[in-house]
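Work through the exercises below with the model open beside you. Try each task before reading its solution.

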Amino acid sequence: MEFQFSEKENRFRKEIRKFVKDNLPSNDFEHMYAEEHDDESWAFAMSISRKLAERKWLTLSWPREYGGLDASPMEKLIFGEESGYWGIPGIKMGVSGTVWVGPTLMLLGTDAQKKKYLPLIAAGEPDGVWCTGYSEPDSGSDLASLQTRAERKGDDYIINGQKVWTSAAHRARWLWLACRTNQNVEKKHHGLSIIIVDMKSPGVTVRPIKNYYGFHFFNEIFLRDVRVPVENLVGEENNGWRHLMQALTFERGSAVYDSGLARRMRDELVHYAKETGQLSKPEVRRNIADLTVDIEAARALAFEAAWKISRGETVIYEASRDKATMDDLFHKLARVGMEILGAYGMMDPLDKESKWTKLKGMIEHIYYTTPGKATAAGSTFTQKNIAGQFGLGLPRSY
């Protein structure tokens, strides 16, 4: 693997940092963390999203014909790393559309679907925001057991069911829905489909799920006799499992964003430990050094996957490997951060104006959200099984 960046790649990194300096003068994570939670942060995130869209950075790696820049895998990862480090808002909010809905539509969508949805996503506007309906109350990592049903009635599907843990459903215009279109199958992986649902359709109800400290980005979605035109079917009917696996591969390939975020958290903790005199303690230095090694290892893995793609190699298990690596890293980051904060770590992270809330509540936020993050897009355990099976040739353990 080549550890040098090209002149073009280094120039692009400087452009991103200039954008941050010009548009995010406060340089904190307040809006990025809260963009799905409160209206002020949402409005700010949308304003940044539009600016990113003007530069075609939201859809950087997309082909030019679909509103992208046809950027290389390495340029895409540089943008992800810088976005994570600087906490650029307007990216996380639109991640469903830009990272897996759009690319999957390019592979599987009809010409009409591409013409309608891809420009909306690339524009960075509210009508281009998506949420993803996979998990259900009785179906999580075992996605094939989902029970939301779509019954064909003439030129429409009639959809009934419930989804849970759906990020940004209260903000999104479109739902990327995994559902069952055939009940009479021998294997549960069969008979599944992906259907696009307009969130403004009659029969769609969104109910908030607040986390431990009151943040709202998860939701329940109830679908009661929701009528959707058959033209909203993505790919082949009843062949949705294969389509879902393709979309999940796109979704899990975001480790470099998280490695950038982890490096920023590490830097903030080092600065805080210096200010408070804790860096003089051997155990604090040891924990930060250990954390740094893990961060750099995770970063190297993410870039190695991009390097393989840039050479035309097929990556199979790498996205799962990198996602599991970042899950474990954030557990460690949360633990080390809370140990350094000590009693201040018990403050409400929403109370950012309090003199007792340190580092804008960022460490507490990570501590409280890491369990959910480790489950999203497939649990850490599931990702390790995939990496073990396809990367190391080990037998399945489940």
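Contact means heavy atoms within 4.5 Å. This is a predicted model: local features need pLDDT of at least 70, side-chain atom pairs count only at pLDDT 80 or more, and totals for chains, interfaces and linings use all residues. Residues are numbered from 1 along each chain as its sequence is written, and side-chain values use heavy atoms, with hydrogens and water left out.

**Exercise 1. The whole protein**

Task: Find how the radius of gyration of the protein agrees with that of a compact globule.

Solution. Start with the rule: 2.2 Å times the number of residues to the power 0.38, with the radius taken over C-alpha atoms. For 398 residues, a compact globule would have a radius near 21 Å; the protein has 21 Å, so the two agree. Next, take the extents. The C-alpha trace spans about 70 × 45 × 45 Å along its principal axes. Then turn to burial (buried means under 20% relative accessible area, exposed over 50%, partly exposed in between, with a 1.4 Å probe and protein chains only). Of the 398 residues, 54% count as buried. Last, look at contacts with a separation of 6 or more: 73% of them join residues 24 or more positions apart.

**Exercise 2. Two helices**

Task: Describe how the axes of H1 and H4 cross.

Solution. Helices (H or I, at least four residues) and strands (E, at least two) are DSSP runs, numbered from the N terminus. The protein has 12 helices and 8 strands. Pick out H1, residues 7-23, and H4, residues 73-86; their axes come within 10 Å and cross at roughly 30°. Axes are lines fitted to C-alpha atoms, for helices over the stretch in contact, and angles run from 0 to 180 degrees between N-to-C directions. Angles under 35 degrees count as roughly parallel, over 145 as roughly antiparallel, 65 to 115 as roughly perpendicular and the rest as oblique. H1 and H4 are therefore roughly parallel to each other. Now list the residues that meet: Phe12, Arg13 and Ile16 are among those in H1, and Ile78, Phe79 and Glu81 among those in H4.
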